[in-house]
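Here is my note on the model you sent over. I have kept it to a few numbered points, to be read with the structure open beside you.

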Amino acid sequence: MKMKTILGLLGLPALAAWWVGCGPSETSQTAVGETVVLDTATEHWRPRFHFAPPRHWTNDPNGLVYFQGEYHLFYQHNPFDKKWGHMSWGHAVSKNLLDWEHLPVAIAEDTAMIFSGSAVVDTANLSGFATGPGGCLVAIYTAHRDLGGGKTHQTQHIAYSNDRGRTFTKYAGNPVLDLQQADFRDPDVFWHAPTRRWIMVVQLPQPRKTLFYASNDLKKWTKLSEFGPAGNPEAIWECPELVQLPVENEPGQQKWVYLLSAAGPYPGYQGMQYFVGEFDGTTFRNEYPADQALYVDYGRDFYAAIGYNHLPDDRRIIIGWMANWAYAGQTPAHPWRHVMSIPRELALRRTPAGYRLVQRPVRELAQARPPGAELDPIELDDEPHSLDGGAVTGRVLDLELAFEQDDAQQFGLRLFEQGDQYVEIGYLPATGQLYLDRSRAGVAPTSERFSQRDSAAVPLTDRQLKLRVLIDRSTVEVFAQDGQVVLSNAVFPLPQQRGVSFFAKDGTAWVKPHVYSWGD
Ligand code: FRU
């Protein structure tokens, strides 16, 4: 089966059929055209501090909720295969958002697939589902029915759990919301304290419209308002997330931010956008021009992110899916396919252009990482500088880097480096662009849509560029200027690609690295 998958990915179905069961190793092409043998048993791409399912397919995170000491991560999951299908809610729990305990499927497909949605804690038992004093968990999801002949029917359903999310009972009165629509999905439900009711934010993907509903018991929903279309309208709307965020360095100041999965910054690729404004409990009002598009992430692999409900502190934390529908079915298949992003804490920053989203890896990562090495500033020129003369390498790294430009026309670093294979992160002062290039990053998925250079405008501050870079065996996440711009990509380097080096071109630049390495 494994053979069939990889060769099928390479576009060789006949050979794939012949090769099934022929041996333990698989071949693939690297991005620079070399043929390599992959030993899938080594699981060398399984991330160390990012979530990946034990096996089989995942897409969106679902039902992120904190309850009785556990962070829950439910996720779109095919329990039977490494491709999309039989969608159910997979389940894992964590105490620190980094180490996950895998649990059985929480909500399984029935006559409908279980699409994306939320989970809330019904502390006061307003739903009537709770059997104990602590309240219960209620999941709100989209039931997706295939009616045949290309027709579908999507409705909103609920299910409840009285055993800390281990098992769910589907509500006998489902659906709780049915507009007789083919596409109507991804409910984002949260408790709105000022009006003492739950709010549901849910998408009509094709007309790019978001509908707002309210409920006192999670069963009866009353329509409040609509929003959209707005922003970059080039793709359908999915996975809404409405959240109130603190403004950095302005105690007490908060704004509502509406994040959604829609058209991304690269034409033809889905991504995430956000709008900043106010939500009065009934209507969301975007305070910026309707056609202004603000993007959450400038990599290609950050989608369907939603936030945690019921957190024990006042943080706002999201997790996204690190893949892109443009090639999600064609990336190398492991025992599992696809991973989640590092959980990110959100805030807003007031900039001359207006409020902008800032995202940082949750502080639990800094608490869990190994002791760091603070290196002396390195002067960069046309010769590549490996870290500490090659002593610092690794495939699992957390780097805090302060660059300063002298007169270099380009500067940056290479990760997962071995010979002419690497991932490059660089800055071009002339255009003010930060880029992330995975086109020579090891094993290339068969889709030519995968290997692209991503870039984003990042202004230097006093000629300085601050980067926090996380790599975790098959992920790269770059947080620039204290989280104001983020680029996230999946990568598939070979196990021996573990070098780190810095460079400058046509002039000099400096870097002061702070390195936290888990090694391999
Ligand atoms: C987003 C999405 C959702 C849907 C789910 C199905 O990636 O298309 O709109 O609920 O995936 O797996």
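This is a predicted model: local features need pLDDT of at least 70, side-chain atom pairs count only at pLDDT 80 or more; totals for chains, interfaces and linings use all residues.

1. A definition first: rings of Phe, Tyr and Trp (its six-membered ring) count as a pair if their centres lie within 6.5 Å.

2. How are the rings of tyrosine 327 and phenylalanine 450 arranged? Their centres are 5.0 Å apart and their planes meet at 80°, so this pair is edge-to-face; the cut-off for that class is over 60 degrees. Here 123 residues separate the partners, with tyrosine 327 in the loop between strand E22 (317–321) and E23, and phenylalanine 450 in the loop between strand E32 (433–440) and strand E33 (453–457). Buried means under 20% relative accessible area, so tyrosine 327 qualifies at 1%, and phenylalanine 450 does at 3%.

3. Two arginines deserve a look as well. Arginine 300 lies over the face of tyrosine 266, 3.9 Å from the ring centre. Arginine 449 lies over the face of tyrosine 269, at 4.5 Å from the ring centre.

4. Now to the sheet. Five strands make up an open sheet with mixed pairing, in the order E6-E5-E4-E3-E23. Its edges are strand E6 (100–107) and strand E23 (336–337), each of which pairs on one side only. Strand E5 (residues 88–94) runs antiparallel to E6, and five bridges join the two. Serine 94 has tryptophan 100 in E6 as its bridge partner.

5. Which residues have the most contacts inside the largest nonpolar core? They are Phe403, Leu415, Ile425, Leu434 and Leu467, in a core of 38 residues. Leaving aside neighbours within four places in sequence, phenylalanine 403 is in contact with residues including Leu380, Phe411, Leu467, Phe502 and Trp510. A second, separate core has 26 residues, among them Leu64, Trp100, Ile317 and Ala328. As general background, nonpolar side chains in soluble globular proteins tend to be buried together.

Terms used
Residues are numbered from 1 along each chain as its sequence is written. Side-chain values use heavy atoms; hydrogens and water are left out. Two strands pair if DSSP finds at least two bridges between them. Helices (H or I, at least four residues) and strands (E, at least two) are DSSP runs, numbered from the N terminus. Rings of Phe, Tyr and Trp (its six-membered ring) pair if their centres lie within 6.5 Å; planes under 30 degrees apart count as stacked, over 60 as edge-to-face and the rest as tilted. Buried means under 20% relative accessible area, exposed over 50%, partly exposed in between (1.4 Å probe, protein chains only). A charge sits over a ring if NZ of Lys or CZ of Arg is within 6 Å of the ring centre and within 35 degrees of the ring normal. A nonpolar core is a set of buried Ala, Val, Leu, Ile, Met, Phe, Trp, Tyr and Cys residues joined through side-chain atoms within 4.5 Å. Contact means heavy atoms within 4.5 Å.
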